[in-house]
Amino acid sequence: MTHLWVRAESRAHEQRVGLTPDGAKTLIAAGMQVTVEESQQRAIPLDGYRVAGCEIVAEGDWTTAPDDAIIFGLKELPEDGTPLRHRHIMFGHAYKGQPSGRVLLDRFQAGGGTLYDLEYLVGEDGRRVAAFGYWAGFAGAAVALRCWIAQGHGGIAGPVHTYLSAAHMIADLQGALVRLGTERPTALIIGAKGRVGTGAADLCREMGAATTLWDMDETASGGPFPEILQHQLFFNCILAKDGTPIFVHEGATTTERALRVIGDIACDPDSDFNPVKVYDRTTTWEEPALRVHEHPVLDVTAIDNLPAMLPVESSEDFAGQLLPSLATLDDLDAGVWGRAKAAFDQAV
């Protein structure tokens with residue numbers, strides 16, 4: 001019997017989960033064993049999982065789970081250096097040259113476990129079967145707009161937080177914009193046809209920001225792209241890979257520009273392929289804006305778990321996309337799981 005173990009998230013502010021109670025009920029009805037850890041911060045209450053028939057265990061018990069259990073989480077594991085012996089489903093951020101990723105892969109090698117990276121669960125067409133992208137774009141645009149609003153008041157953006165729903169986030173932002181006045185920024189989105197770019201565009205539209213939508217055709221020349229500097233907001237919404245052009249060069253901070261905020265929603269600053277060269281680290285919920293230049297100001301916001309700002313909506317959306325693949329976990333050598341295993345084998 002396939003045993004799926006849903007672990008609690010250990011990262012601060014991370015209230016999302018990749019399996020809903022309804023999804024767990026579906027898997028159990030199909031003959032799967034589902035264990036769910038207690039969690040102090042998960043947005044979806046534990047009672048629903050209990051009613052669905054899941055076994056409930058203490059937070060963090062995955063470390064002593066049976067060897068055949070498949071451990072399912074979203075964000076990073078505690079960085080304690082322990083070898084990883086289980087099969088893990090999670091976002092590893094380990095295949096694009098990230099230093100922390102190499103450490104994670106070494107832990108899997110030491111323990112004999114396997115990473116099935118959620119970013120590399122793809123269908124035969126190469127497209128991801130499940131992604132948080134839309135909500136990353138939506139929330140990332142909201143944070144960038146907050147940075148721009150704070151600049152309008154002569155300051156820098158303060159801490160961000162979770163919202164009960166997208167409607168609550170929109171209402172909060174609209175109130176902040178009204179206090180600033182009638183001005184609205186212009187924005188340019190690269191990756192506008194994808195999930196992330198669509199989310200960012202929808203938020204900008206709700207806020208009345210005039211938005212230029214770019215995708216592969218507009219960046220095929222390889223750059224440079226002076227149009228980016230002519231907009232007040234720029235959103236990088238593409239998954240960078242070898243050959244991705246540079247969108248914002250190191251010298252952009254001192255170039256004449258209208259650009260005031262970069263929302264690097266793709267958020268991969270320590271990747272070899274990062275196309276935004278004016279910053280080198282992610283930002284946080286406590287300090288969402290990194291000021292990379294003064295006079296005129298330029299802030300970068302690059303939070304790497306943006307959908308967690310809308311934990312219920314993003315969890316339900318992602319879990320619904322992923323459920324058909326979870327239902328095939330009894331055959332890890334085929335389909336999306338086989339392709340994810342191949343990506344892991346190549347990386348290690």
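## Gln346 and helix H10

Gln346 lies in helix H10, which covers residues 335-347; helices (H or I, at least four residues) and strands (E, at least two) are DSSP runs numbered from the N terminus. This is a predicted model, in which local features need pLDDT of at least 70 and side-chain atom pairs count only at pLDDT 80 or more, while totals for chains, interfaces and linings use all residues. Residues are numbered from 1 along each chain as its sequence is written, and side-chain values use heavy atoms, with hydrogens and water left out.

Is Gln346 buried or exposed? Gln346 has a relative accessible area of 71% and is therefore exposed (buried means under 20% relative accessible area, exposed over 50%, partly exposed in between, with a 1.4 Å probe and protein chains only). Between Gln346 and Ile265 there are 81 residues in sequence and 27 Å in space, C-alpha to C-alpha.

## The parallel sheet

Six strands make up an open sheet with parallel pairing, in the order S3-S2-S1-S4-S5-S6; two strands pair if DSSP finds at least two bridges between them. Strand S3 (55-57) and strand S6 (114-117) are the edges, and each has a single partner strand, so one side of each lacks a neighbour in the sheet. From one strand to the next, the twist averages 25° (axes are lines fitted to C-alpha atoms, for helices over the stretch in contact, and angles run from 0 to 180 degrees between N-to-C directions).

Strand S1 (residues 3-6) runs parallel to strand S2 (residues 33-37), and four bridges join them. Trp5 has Thr35 in S2 as its bridge partner, and Val6 stands opposite Val36 in S2. S1 is covered on both faces, with His3 and Trp5 buried on one side and Leu4 and Val6 buried on the other. In S2, four of the five residues are buried, so S2 is largely enclosed by the rest of the structure.

## Helix H4

Helix H4 (residues 133-152) has 20 residues and should span 28 Å at 1.5 Å a residue; its end C-alpha atoms are 29 Å apart, which agrees. The expected span is 1.5 Å times one less than the number of residues. H4 is mostly covered, with 17 of its 20 residues buried. Just after H4, Gly154 takes a positive phi of about 80°.

## Cavities

Two cavities of 30 Å³ or more are present. A cavity is a set of points, on a 1 Å grid over the protein atoms alone, where a 1.4 Å probe fits but cannot get out; lining residues have an atom within 4 Å of a point. Grid points are joined across faces, edges and corners, and a volume is the space filled by probe spheres set on the points.

The largest cavity has a volume of about 40 Å³. Its lining includes Val6, Arg7, Arg16 and Phe72, and divides into four nonpolar, two polar and three charged residues (Ala, Val, Leu, Ile, Met, Phe, Trp, Tyr, Cys and Pro count as nonpolar, Asp, Glu, Lys and Arg as charged, and the others, Gly among them, as polar). The second largest cavity has a volume of about 30 Å³. Among the residues that line the second largest cavity are Gly140, Asp264, Ile265 and Thr301.

Terms used:
1 Å grid on protein atoms, 1.4 Å probe; cavity = no way out; pocket = protein on both sides within 12 Å on 5 of 7 lines; lining within 4 Å.
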